[in-house]
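Let's take a guided walk through a protein fold, one piece at a time. Have the structure open and follow along.

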Amino acid sequence: MRYLSTRGDAPVLGFEEVLLAGLASDGGLYLPETWPRLDADALRAMRGLSYAGIAARVVHPFVEDWMEPDELLAMTADAYAAFDHPAVTPMIQTGDDDWLLELFHGPTLAFKDIALQLLGRLFDRALARRGERVTIVGATSGDTGSAAIAGCAGRANMEVYILFPEGRVSEVQRRQMTTSGAANVHCLSIEGAFDDCQALVKAMFADRAFRERVNMAAVNSINWARVMAQTVYYVASAIRLGAPDREVAFSVPSANFGAAFAGYVAHRMGLPVARLVVATNANDILHRFLATGSYRPGAATPTLAPSMDIQVSSNFERLLFEIHGRDGAATAGLMARLGQSGGFEAEPEARRRAAALMASHRLDDDGIRAEIRRMYETRGVAVDPHTACGAAAARSVGIDGGVPVITHAQAHPAKFPEAIASSIGREPDMPASLAAVMTRPERFAALPNDLAAVQAFILGEST
Ligand SMILES: *Cc1c(COP(=O)(O)O)cnc(C)c1O
């Protein structure tokens, strides 16, 4: 498989280059040149396979000239062996047509483990082949940092630097990052906000001399391999409910649009997706776009679902490219308009193409609390505040009766104890793995919001 940029002006690359590059040289994001097909027979043949077995079959067309099926299967089996449930992504039924897909059984208890456990191993393979080392630098508002650390800790060819905003991640989230004990993991507590951390990372990528000296790489959700890995759980869950002989719908709490875009990919590959519901919190830029065609990000407001508190949705560019007939110049034009005038209106036909598959919904904090309470009182399950956005959306957008709706449970409720307590009056039970993190020794460096200081730190520790 070869990959092209959404802005149409970067070299077409193979999987290994795309994995290590992250962003394309024209500023675009990589997508496969063509969508591989999983026809009905191929989907039926996956019934009864393990999650790792399904993962190997779904991922293979994307890496086929790089990795043999047997080696890929060994890798997916290894990536998902440490999940604390044998089904990896188990489902529970919460109504006649309502299902919760639990994506939080990995080491850091949020869905980002599913992609990052595989990504760490893919990086390892690429770097060993090339005899290279990379320095992974990322900013996090909480869940991505710990999942990236869990995916890369102890790997020989990578140094990992994660910047987080001092005092603005929860104690659970900070400890999940700072207690890894791995020598190749470095946590930097930055005196500033998440946007400052993100700006520091962008500045380091823009500093060519620095970037080349440390061989910088990215693991944020613009990396194609993350979307690819997330496509698997759409296929695996739909097959359990009867696909390809039955249509299913999905409701996906969304922010950077990586998870939801993976649902689009599954649909393009041939999975019978009746509806893809994009659920947002009060930061409703994606909902507004799907409803009106206008894309105009404002300032992000803090909500009970902090991992969705973003306005500029990095994977959205991939959808724009798709709904504009894969026209790179048109996509580049829209992104330029976004940069120059803060927004754009899509062609009505492009918005209609998106809305043919996707519905959307917005839930504010009062709605989140009410939904957590409703799920607890009527179904006996405590859902995290992000999942609450998805569950409410699944009910509200009007999906045809008889079509099962799979709501993605994105994080374990114990990661957000205050939001649960303020909704149902008690905190969720803490899993043993999280309890252990609360007592292990922490290691991190506190640094000012200063590019030179962060670069000096990285150069000192990575040489
Ligand atoms: C990252 C995250 C999201 C948003 O996912 P995107 O792929 O960025 O749309 C939602 N919920 C939780 C719990 C997350 O960690």
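## The open sheet

In this predicted model, six strands come together as an open sheet, and their order is β4-β5-β15-β10-β11-β14. The pairing in this sheet is mixed. Who sits at the edges? Those spots go to β4 (91-93) and β14 (358-362). Each of them has a single partner strand, so one side of each is left without a neighbour in the sheet. Going from one strand to the next, the twist averages 25°.

Now zoom in on one end of that order. Strand β11 (residues 273-280) pairs with β14 in the parallel sense, over five bridges. If you want a spot to look at, find Val277: it stands opposite Ala359 in β14. Helix α12 (residues 285-292) packs on the sheet here, touching both β11 and β14. Its direction makes about 130° with that of β14.

## A helix tucked inside

Next up is helix α5, which covers residues 112-130 and has 19 residues. From its first C-alpha to its last it reaches 27 Å, close to the 27 Å expected at 1.5 Å a residue.

Why can we call α5 largely enclosed by the rest of the structure? Count its buried residues: 15 of the 19 fall in that group, so the rest of the structure largely encloses this helix.

## Around the ligand

Which residues are closest to the ligand? The ligand is surrounded by 15 residues, and the closest are Lys112, Asp143, Ala255, Asn256 and Phe257.

An N or O atom in the side chain of Lys112 is 2.5 Å from an oxygen atom of the ligand. For Asp143, an N or O atom of the side chain is 2.8 Å from a ligand oxygen. With Ala259 it's the backbone that takes part: one of its polar backbone atoms is 3.0 Å from an oxygen atom of the ligand.

## A stop at Arg44

Last, let's visit Arg44, which you'll find in helix α2 (residues 40-44). Is Arg44 buried, exposed or something in between? Its relative accessibility is 33%, so it counts as partly exposed; the cut-offs here are under 20% for buried and over 50% for exposed.

What does Arg44 touch, leaving aside its neighbours within four places in sequence? It is in contact with Pro244 and Asp245. Arg213 is another story: it sits 169 residues from Arg44 along the chain, and their C-alpha atoms are separated by 49 Å.

Definitions and conventions
Residues numbered from 1 in each chain as written. Predicted model: local features only at pLDDT ≥ 70, side-chain atom pairs only at ≥ 80, totals over all residues. Heavy atoms only, no water. Helix = DSSP H or I, 4+ residues; strand = E, 2+ residues; numbered from the N terminus. Expected span 1.5 Å × (residues − 1). Buried < 20%, exposed > 50% of the residue type's maximum accessible area, 1.4 Å probe, protein only. Contact = heavy atoms within 4.5 Å. Pairing = 2+ DSSP bridges. Axes fitted to C-alpha atoms, helices over the stretch in contact; angles between N-to-C directions. Near = heavy atom within 4 Å. Polar contact = N/O pair within 3.5 Å; in protein donor to acceptor, adjacent residues only side chain to side chain.
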